[in-house]
Amino acid sequence: MFNNLLVAIDGSDHSKRALEKAIELAKLEGNSNIELLYVVAGNKSKSDVLQYGDSDTASMKRKRMLLPIEELVESAGVTSKTTVLHGKKGAAESIIEHANEGSYDALVIGSRGLGAVQTMIIGSVSHKVMKYVEMPVLMVK
Amino acid sequence: MNYAEKIKNEWLGNVRGDVLAGIVVALALIPEAIAFSIIAGVDPMVGLYAAFCIAVVIAFIGGRPGMISGATGAMALLMITLVADHGLEYLLAATILTGIIQLLFGVFKLSGFMKFIPRSVMIGFVNALAILIFTSQLQHFVGETWVMYSLVALTLAIIYILPRFTKAVPSTLVAIIVVTAIVIFMNIGVRTVGDMGALTQSLPLFALPNIPLTFETLMIILPYSVALAIVGLLESLLTASIVDDMTDTDSNKNKESRGQGIANMIAGCFGGMAGCAMIGQSVINVKSGGNGRLSSLTAGIFLMFLIIVLGNVVVQIPMAALAGVMIMVAIGTFDWSSLMNIHKLPRTDAIVMVVTVAVVVYTHDLSQGVLAGVVLSAIFFAWKVSKVRVEKSLSKDSVRTYEVHGQLFFASVTDFLAKIDYNEDVKLVVLDIANAHLWDDSAVGAIDKIEHKFEQRNIKVELTGMNKESSVLMDKIGGLSKASGH
């Protein structure tokens, strides 16, 4: 039933909890796989390049950040795959597009990512995703 | 992919996306080019011609397709005193010289030198730029009434709230149209772009700057040109990296340096001020679907077309609307994540960042801030690596061993020498430098000095574990030292 999951992660605590729940869900059945989706939106590119110097280093740091997350999935006996999308659009749009193009049993996402202040200004990515993704969505608080 | 295919792909790989994004960028460029001209103290046309020339030229010869260049705040802020003291013609000459310096920079493939600018200095640079853009707008508020304040507030409200409903049209453009319309139809007497300078509805013409070609002239413009060249390349290469990251593709930084140089030389010959790549506009371009050379070309041409057709409307844009747009630009330029993370940074990095910002805000000169940041970082670095650790041990047959850990160079030898005890009564002193590295004359001198001092007291010194590079250095410089014979 739920053995092909897409999990949107951004490194926040909410997304970590979302991943834990996704792993629990995937373990209910054998032969499951989880695709980890990480979106680098425009402003993220700016702050990452400023922080790490150039695009190559920023990509390397992201890979290093994603590695333990992949291992966490694999150690639970679930196959993992990682997709990094460079967001020409916003994070929400990229997640929605990618989710609707693939064939997943469900999308798992944290209730909020970047923090309360930014949620108020930008509008919740999770809210948009809930509205436009055409599949079951598990939102983890 | 062969060369012809690559060119074709860069130009025609994304025609629809590039043209649409180019139009969006052109609309967003106009208010900025005008506002930056006003910051620099020149007529709006100088910024608009610069934006046109640079965007078009860079489309053909830039090294980073999809990046937008034009008149920028960072450059405008550097020109203020030159324009005020010597006038527009000197600015145009300085612009051409800036281009020549940048071209040389690219020809000699010096973009790698940018790595000598620490990241904390870059973050300070961006934040200082944002603060300066913001403070440059304050003069427009002096002596104004609540009418002007509320127009600014309305502009900002539209800019930030409209995207929640639609992203089809750039919200800055809607804000400017709405506020301008209100001012025209309600006949509100506020200052407009027309009050700040003339707007000519014509294409830029080729003309060399009308200045005396003397050594004195060169000495006036050279310091400005050097500062402009450095700041321009800094922002351009930073923007190129950001576009690299957004599109997940690579770019040619030296080609971009050459392109920026040629673009500035041409801009200067056609009455435009020096410019560089624009972070904000490039982000808008990529987000709007642009990633090819056509987007920059479209932006430049469409901008000029709009000015020629709509010039008499443009002069009626109230300064309040432009001030609102500039406040938005300042907020967007500031790297807010650096404020959130400042407590996580190493203390020295945070200090470098704050000092860079402080120097810029105090001097109003971005290049001086960068210089101060780089020098301070170098001092901190030397201070950090100049810490030498010395471990002592004494064997039964009274052999004293000093195990040296760290980098031995001019800044660290004093500290190192102070850790050696010459007055001990021992038979032999062993200086183990397996975990140390000798870097310069001072380091070799320090070793010599230790040997010499012990020798005076008839204590033999044995030098062990020298690494290869250090011993090469020792052989070269240290003819005096007996240890080099090891």
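The following questions and answers concern a predicted model.

Reader: How many helices and strands does chain A have, and which pattern does chain A follow along the sequence?
Author: Chain A contains six helices and five strands. Taken in sequence order, these elements give the pattern β-α-β-α-α-β-α-β-α-α-β.

Reader: Among contacts in chain A between residues at least 6 apart in sequence, what percentage join residues at least 24 apart?
Author: Chain A has 141 residues, of which buried residues make up 42%. For its contacts between residues at least 6 apart in sequence, the share that joins residues at least 24 apart is 77%.

Reader: Which residues of H10(B) make the contact with H3(A), and how many residues of each class does the contact have?
Author: From H3(A), the contact draws on Ser55(A), Ala58(A), Ser59(A) and Arg62(A). H10(B) contributes Ser241(B), Asp244(B) and Asp245(B). By class, the residues are one nonpolar, three polar and three charged.

Reader: Are helices H2 and H14 of chain B roughly parallel or roughly perpendicular to each other?
Author: Helix H2 (residues 15–40) and helix H14 (residues 319–333) of chain B have axes 10 Å apart. They pack at an angle of about 95°. Because 65 to 115 degrees is the range for this class, H2(B) and H14(B) are roughly perpendicular.

Reader: Which residues make the contact between H2(B) and H14(B), and how many are nonpolar, polar and charged?
Author: On H2(B) they are Pro31(B), Glu32(B), Ile34(B), Ala35(B), Phe36(B) and Ile38(B). On H14(B) they are Met319(B), Leu322(B), Val325(B), Met326(B) and Val329(B). The composition is 10 nonpolar, no polar and one charged.

Reader: How many aromatic pairs does a search of the whole structure find, and how many residues apart in sequence are the parts that Trp11(B) and Phe60(B) tie together?
Author: Over all chains, the search finds seven aromatic pairs. One of them joins Trp11(B) and Phe60(B), a tilted pair with 5.0 Å centre to centre and 45° between the planes. Trp11(B) belongs to helix H1 (residues 3–12) of chain B and Phe60(B) to helix H3 (residues 44–61) of chain B, so the parts tied together are 49 residues apart.

Reader: Is Trp11(B) buried or exposed, and what is the relative accessible area of Phe60(B)?
Author: Trp11(B) has 17% relative accessibility and therefore counts as buried. Phe60(B) is partly exposed, and its relative accessible area is 49%.

Reader: Which geometry do Phe141(B) and Tyr149(B) have as an aromatic pair, stacked or tilted?
Author: Phe141(B) is buried at a relative accessible area of 18%, whereas Tyr149(B) is partly exposed at 40%. Their rings are 5.9 Å apart, centre to centre, with 20° between the planes. Since planes under 30 degrees apart meet the cut-off, the pair is stacked.

Reader: Over which rings do the charged ends of Lys387(B) and Lys453(B) sit?
Author: The charged end of Lys387(B) is 4.5 Å from the centre of a ring, that of Trp383(B). For Lys453(B), at 4.6 Å from the ring centre, the ring is that of Tyr422(B).

Reader: Where is Ala74(B) found, and with which residues is Ala74(B) in contact, leaving aside neighbours within four places in sequence?
Author: Ala74(B) is part of helix H4 (residues 73–86) of chain B. At 1% relative accessibility, Ala74(B) is buried. Its contacts beyond those neighbours are Leu129(B), Val231(B), Glu235(B) and Leu366(B).

Reader: Where does Asn187(B) lie, and what is the phi of Asn187(B)?
Author: Asn187(B) lies in the loop between helix H8 (171–185) and helix H9 (193–196) of chain B, and its relative accessible area of 68% makes Asn187(B) exposed. Most residues other than glycine have a negative phi. Asn187(B) is not a glycine, yet its phi is positive, at about 55°.

Note on methods: Residues numbered from 1 in each chain as written. Chains lettered and ligands numbered in written order. Predicted model: local features only at pLDDT ≥ 70, side-chain atom pairs only at ≥ 80, totals over all residues. Heavy atoms only, no water. Phe/Tyr/Trp six-rings, centres within 6.5 Å; stacked < 30°, edge-to-face > 60°. Helix = DSSP H or I, 4+ residues; strand = E, 2+ residues; numbered from the N terminus. Buried < 20%, exposed > 50% of the residue type's maximum accessible area, 1.4 Å probe, protein only. Lys NZ or Arg CZ within 6 Å of the ring centre and 35° of its normal. Axes fitted to C-alpha atoms, helices over the stretch in contact; angles between N-to-C directions. Parallel < 35°, antiparallel > 145°, perpendicular 65-115°, else oblique. Contact = heavy atoms within 4.5 Å. Nonpolar A, V, L, I, M, F, W, Y, C, P; charged D, E, K, R; others polar.
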